[in-house]
Amino acid sequence: MKSVKPQIKRLPVHVAIVPDGNGRWAEKRGLPRLAGHRAGVKQMRSLIEYLDKRQVKYVTLYGFSTENWGRPKEEVEGLFRILMEKIKQDVPKLHRKNIRVRHLGRIGELPDWLQDSIRRAEELTRGNTGLTLSLAFNYGGHIEIVDAVRRIIAEGIPPEKIDEKLFSKYLYTAGIPDVDLLIRTGDEWRLSNFLLWQTAYSEYYFTGVLWPDFTKEDIDKALIAYSQRERRFGAL
Ligand code: IPE
Ligand code: MG
């Protein structure tokens, strides 16, 4: 049976997602937190492909923040392993859909085997011209800005040459337009150091749905909410 998709007039170009609530999803079921992370990555690929179908051009996922190192070692390691396996499994499929994978963050601090899988994914999909999927693993918004300043100074750029346009080119997201719609699940109403520069004029969509329960219908709810917002960028 053909599904009837709601018509959405104005779509976002760049959707950023803070997938939250994996731990609570597991706790509710008396399962270990890692079971929540495993459930959280399960539907990831189909959601990305759905956004692609919806003609979204950039999707950025917050997989691991620079602050997440504060979690128990077993959870951090387990999460990295789940992410690595997921990349290995899904990237060839995303590649077939012309999707390009990019990494945002300090990759050098991640375990070698995770770095390898991310780099391989980037290399495999480098020439793709479809949706760009950015994986923010070991990403922090403050550190991103600090890293940009360091590079600008190291390159000896004269102060009068520095403006917003130039600065953007030194961020991890160089070449990616600012975020139109930011979705956060798990009933937390925070940005949590995600894409600070790039969300200056984003529309925010918060939902109480825990990330492993988040479906294509929930994506449509967010897209519909977005299409109904009036964006004036500070003008009248
Ligand atoms: C978000 O789920 C997933 C990542 C941080 C990768 P949480 O682990 O933060 O889940 P809660 O907030 O404890 O439910
Ligand atoms: Mg959380």
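Mentor: Before we start, one term is needed: a residue counts as buried when its relative accessible area is under 20%, as exposed when the value is over 50%, and as partly exposed in between. Please also keep in mind that this is a predicted model.

Let us begin with the ligand. The shell around ligand 1 is made up of Pro19, Asp20, Gly21, Asn22, Gly23, Arg24, Arg33, His37, Gly63, Asn68, Arg71 and Leu79. Sorted by class, this shell holds two nonpolar, six polar and four charged residues. Two helices, α1 (22–28) and α2 (33–42), each supply at least two residues of the shell, and the largest share, three residues, comes from α1.

A polar backbone atom of Gly23 is 2.9 Å from an oxygen atom of ligand 1, while for Arg33 a polar side-chain atom lies 2.9 Å from a ligand oxygen. In the case of Arg71, a polar side-chain atom lies 2.7 Å from an oxygen atom of ligand 1. Taken alone, ligand 1 exposes 380 Å², and the protein buries 86% of that area. The space that ligand 1 takes up is the largest pocket.

Asp180 is classed as buried because its relative accessible area is 14%, which falls under the 20% limit. A polar atom of the Asp180 side chain lies 2.9 Å from the backbone nitrogen of His14.

His142, by contrast in this classification, counts as exposed because its relative accessibility is 53%, and its place is in helix α6 (residues 141–154).

Asn98 has a positive phi of about 70 degrees although it is not a glycine, and it sits in the loop between α4 (73–96) and β3 (100–104). Ser192, also a residue other than glycine, has a positive phi near 50 degrees, and its place is in the loop between β5 and β6 (203–206). Asn98 counts as partly exposed because its relative accessibility is 29%, and Ser192 is likewise partly exposed, with a relative accessible area of 29%.

Key. Residues are numbered from 1 along each chain as its sequence is written. Chains are lettered from A and ligands numbered from 1 in the order in which they are written. This is a predicted model: local features need pLDDT of at least 70, side-chain atom pairs count only at pLDDT 80 or more; totals for chains, interfaces and linings use all residues. Side-chain values use heavy atoms; hydrogens and water are left out. A residue is near a molecule or strand if one of its heavy atoms lies within 4 Å of it. A polar contact is a pair of N or O atoms within 3.5 Å; within protein, one must be able to donate a hydrogen and the other to accept it, and residues adjacent in sequence count only if both atoms are side-chain atoms. Accessible areas come from the Shrake-Rupley method with a 1.4 Å probe; for residues, only the protein chains shown count as cover. On a 1 Å grid over the protein atoms alone, a cavity is a set of points where a 1.4 Å probe fits but cannot get out, and a pocket is an open set with protein on both sides within 12 Å along at least five of seven lines; lining residues have an atom within 4 Å of a point. A molecule sits in a cavity or pocket if more than half of its atoms lie within 2 Å of its grid points. Helices (H or I, at least four residues) and strands (E, at least two) are DSSP runs, numbered from the N terminus. Ala, Val, Leu, Ile, Met, Phe, Trp, Tyr, Cys and Pro count as nonpolar, Asp, Glu, Lys and Arg as charged, and the others, Gly among them, as polar. Buried means under 20% relative accessible area, exposed over 50%, partly exposed in between (1.4 Å probe, protein chains only).
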